[in-house]
Amino acid sequence: MTQRLHLVFGGELVEPSRNVFKDVSDIHIVGMFPDYKSAFDAWKTWAQKTVDNAHMRYYIAHIHRLRDEEAAASATEELGE
């Protein structure tokens with residue numbers, strides 16, 4: 001069975017329109033998850049907890065893709081290049 005690891009993390013951005021963290025040492029690591037669904041659930045929980053702060057953002061990183069360079073990038077990954 002293929003393992004699909006996902007990392008959920010977030011923090012305060014310098015400005016809401018850019019994906020640049022205000023303080024990298026203050027990034028909140030929510031955790032590592034074995035599948036997208038559990039990662040999404042964790043992401044949604046923390047995104048909702050911080051919805052009143054426009055500078056806070058949470059992300060899901062597809063860690064399994066770091067191990068499999070043959071995997072195609074998602075649309076969100078292509079935007080960041």
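Ring pairs join Phe 9, Phe 21 and Tyr 59 into a cluster. Rings of Phe, Tyr and Trp (its six-membered ring) pair if their centres lie within 6.5 Å; planes under 30 degrees apart count as stacked, over 60 as edge-to-face and the rest as tilted. The model is predicted: local features need pLDDT of at least 70, side-chain atom pairs count only at pLDDT 80 or more, and totals for chains, interfaces and linings use all residues. Residues are numbered from 1 along each chain as its sequence is written, and side-chain values use heavy atoms, with hydrogens and water left out.

By the ring rule, the count comes to 6 aromatic pairs. In one of them, the centres of Phe 9 and Phe 21 are 6.2 Å apart and the planes stand at 50 degrees, so the pair is tilted. Phe 9 lies in strand E1 and Phe 21 in the loop between E1 and strand E2 (28-33), so the pair ties together parts 12 residues apart in sequence. Strands (E, at least two residues) and helices (H or I, at least four) are DSSP runs, numbered from the N terminus. Phe 9 is buried at 17% relative accessibility, and Phe 21 is buried at 18%. Buried means under 20% relative accessible area, exposed over 50%, and partly exposed in between (1.4 Å probe, protein chains only).

Both residues belong to the largest nonpolar core, which has 6 residues: Leu 5, Leu 7, Phe 9, Leu 13, Phe 21 and Ile 63. Such a core is a set of buried Ala, Val, Leu, Ile, Met, Phe, Trp, Tyr and Cys residues joined through side-chain atoms within 4.5 Å. Apart from it lies another core, of 5 residues, including Phe 33, Ala 39, Ala 42 and Ile 60.

His 6 also sits in strand E1 (residues 6-12). His 6 counts as buried, at 3% relative accessibility. Its side chain reaches the backbone oxygen of Arg 4 at 2.8 Å. A polar contact of 3.4 Å joins the side chains of His 6 and His 62. Polar contacts are pairs of N or O atoms within 3.5 Å; within protein, one must be able to donate a hydrogen and the other to accept it, and residues adjacent in sequence count only if both atoms are side-chain atoms.

Helix H1 spans residues 36-49. Within H1, Phe 40 and Trp 43 are 3 residues apart, separated by about one helical turn. Phe 40 is partly exposed, at 31%, and Trp 43 is partly exposed, at 26%.

Conventions:
Expected span 1.5 Å × (residues − 1).
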